[in-house]
Every structure is written in C-alpha cells, then in structure tokens.
Amino acid sequence: MEQRHLGRTGLRVSRIGLGTLTWGRDTDEHDAADMLKVFWEAGGTLVDTADVYGDGESEYLLGQLVEGLVPRRDLIISTKAGSVPDPDRRFDGSRGHLLSALDASLARLGTDYVDLWHVHAYDAGTPLEETLHALDLAVSSGRARYAGVSNFCGWQLAKAATWQLAAPGIRTRLASTQMEYSLLQRGVEREVLPAALDLGVGLLPSSPLGRGVLTGKYRHATPADSRGASEHLAPFVAPYLDETASSIVDAVQTAADGLASTPLQVALAWVRDRPGVAAPIVGARNARQLTAALSVEALTLPDEICRALDDVSAPLHRYPDHDWSTL
C-alpha cells in the first residue's frame, strides 16, 4: 500500500487507515485479529482508536493483539482523548484530564508511546493554549511522537495550528486533523480543508463511506446485519438515508457500473485522492469487508468520473466561504 506523509511532517502513514470504533463492543477479538492481520499483510500501518471507543475496550483489544500478531514497529497507532461520559460536559480539554487520559491509554494499549495523539474535540471551557500545552508535554516526554486535533472547525483548527507554529522547537506542530469527510459530507471543504492545506496539517477522514451508506447497501432496504439496523448505531446512519443522499448513492453506483468496480471502491477512491487527504479511516465489521475496502488500492478514478461525482455531491458554498465578487 502506498505511504503518504502526514501533513507537513516526516511521519508516513498508509493511505488507508484501519478504524476500531466497534472493537471490544460489536467486534470481538477473533474478528479484530483477522482484520488487523489482513490490514498489516496489505501494507497498512495506520490504526486509529480512542479512549472512549468501547469504554476503553478498543484500546485494550488492540494492545492485546500487538506484538503477538503484528510487530509494534510496523504500526502507526493513533488514539484520541478529550471526550468524557458527562452529560454536562461532553469534552474536557484540560491539561490534567488529557495527560491522565493518555497515561490510561498507554496502559490499555500496552505500549510506552503512541505514534499519533489527537485531542478528540474542542473544549470551549478550557483555554486553547492549555489544551495545546498537553500535546507539547506528551511529545516532549516521549509518550506521543506526533499530535493533532479532531472535530475542530475551521477557525479552531487555524488558531490551534498557528499557535503551535508561533514557537517552533518549543511547541509541537499539528500533524493532522481527523474529520468526517465523504461524498455525503463535504462540509470540511468550506473552511477546515483550506486551513489544513495552508498550515500543512494532514486530513484523516473518518466515515469516508458515508457511515456505510455509500456502499449502496441501503438503497432498497436496511439489511438486518447492518449498522443501520443496530439499536445503538441506527441513529448514526439515519441522517444519510434521505433523498439527497440517495441521489448521490445512485451516481456512485452508476460510476461503479461504468468502471466495473463497486460503489465502495468508487466512494473510497474519491475521498482518498482529494487534496489534503492523508488517509481515510475505514471501519469494517469483519475481514471480508476490510479486504473489499483495501482492494481500492488498485483503483484511480478517471478525471471525468471525479468531476461528475463532484457535481452531484457539491455542497452549497456562499459568502464568505468563496470569492465574494462572484455574488
């Protein structure tokens, strides 16, 4: 699998990442082991998790599989901290919480360091410089090799990245931002992606298959074994089951038919090769699904197909996102 630099750093990651959102909850140790082995054998390196996935079980399961199944040195392990199970405070970006969370993550993962550590979301109740100081301390202490943010809007990302760049050698440059991005969700193109491109921050798209909808599995009905039929994940899928999404899915199917490929491959290739994207994070249910996703390595979409998909899925950009003189 092709390796790409993450933003304007020396870190290289596989251009498809493996997501572990359901590990330890819906995905048991046997399916997780099969997927990790398939991913590694295909040349995949970037494995993404978070301290809240499965209440920590995702990290623990990944930690149990590393070394026994795949050498630690062959993986780029990414995790996140900052989301908390508190209805009154969903995100805690305080330095104390983040560093304690990182130590707990390392213990569950069974490793001395993570390759990439993200702040899971912006915390308006904590000064941004305090949150970012936690990243500096994590990197300077060797507990994280690189750092990034997740779910920061455009101005938040720009402010954070600029703050870090203001003191080179003292503060840790942001390597990445993890955001939802797909043909069904192109909101990052308004401000987040332009900021990331300008500041040298690599984009790691989550839900690159539109929460599974872009595979076409929901075109006619909701499969009983799908996430859309799952009690706790159905609300996650539901926003992309409307008429607008349906027309985009139909276009992806048409493109797949013309290329003798699958909707999954077309949708994943589209987001993988967008400007600024380092590696979409794919969350599969089993090794068979993951193998189907990894087969996209052989596919590059023709320019005319990309333009057609761009047109059918184009988000509404108006002032001040684009040139005001065209209004």
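**Salt bridges across the chain**

Aspartate 48 is buried, with a relative accessible area of 3%; buried means under 20% relative accessible area, exposed over 50% and partly exposed in between, computed with a 1.4 Å probe on protein chains only. The structure is a predicted model, in which local features need pLDDT of at least 70 and side-chain atom pairs count only at pLDDT 80 or more, whereas totals for chains, interfaces and linings use all residues. Residues are numbered from 1 along each chain as its sequence is written, and side-chain values use heavy atoms, with hydrogens and water left out.

The partner of aspartate 48 is lysine 80, and their side chains form a salt bridge at 2.8 Å, N to O. This term denotes a side-chain nitrogen of Lys or Arg within 4 Å of a carboxyl oxygen of Asp or Glu. The pair joins strand β5 (residues 76–81), which holds lysine 80, to strand β4 (residues 46–48), which holds aspartate 48, across 32 residues. Helices (H or I, at least four residues) and strands (E, at least two) are DSSP runs numbered from the N terminus. Lysine 80 is also buried, at 1%.

In total, the structure holds 18 salt bridges. One of them pairs aspartate 273 with arginine 4 at 3.0 Å, N to O. Because aspartate 273 lies in the loop between α9 (263–272) and β10 (281–282) and arginine 4 in strand β1 (residues 3–5), the pair ties together parts 269 residues apart in sequence. Aspartate 273 is partly exposed at 35%, whereas arginine 4 is buried at 15%.

Arginine 108 and glutamate 59 form another salt bridge, their closest N and O atoms being 2.8 Å apart. Arginine 108 belongs to helix α3 (residues 95–109) and glutamate 59 to helix α2 (residues 57–65), 49 residues apart. Glutamate 59 is buried at 0% relative accessibility.
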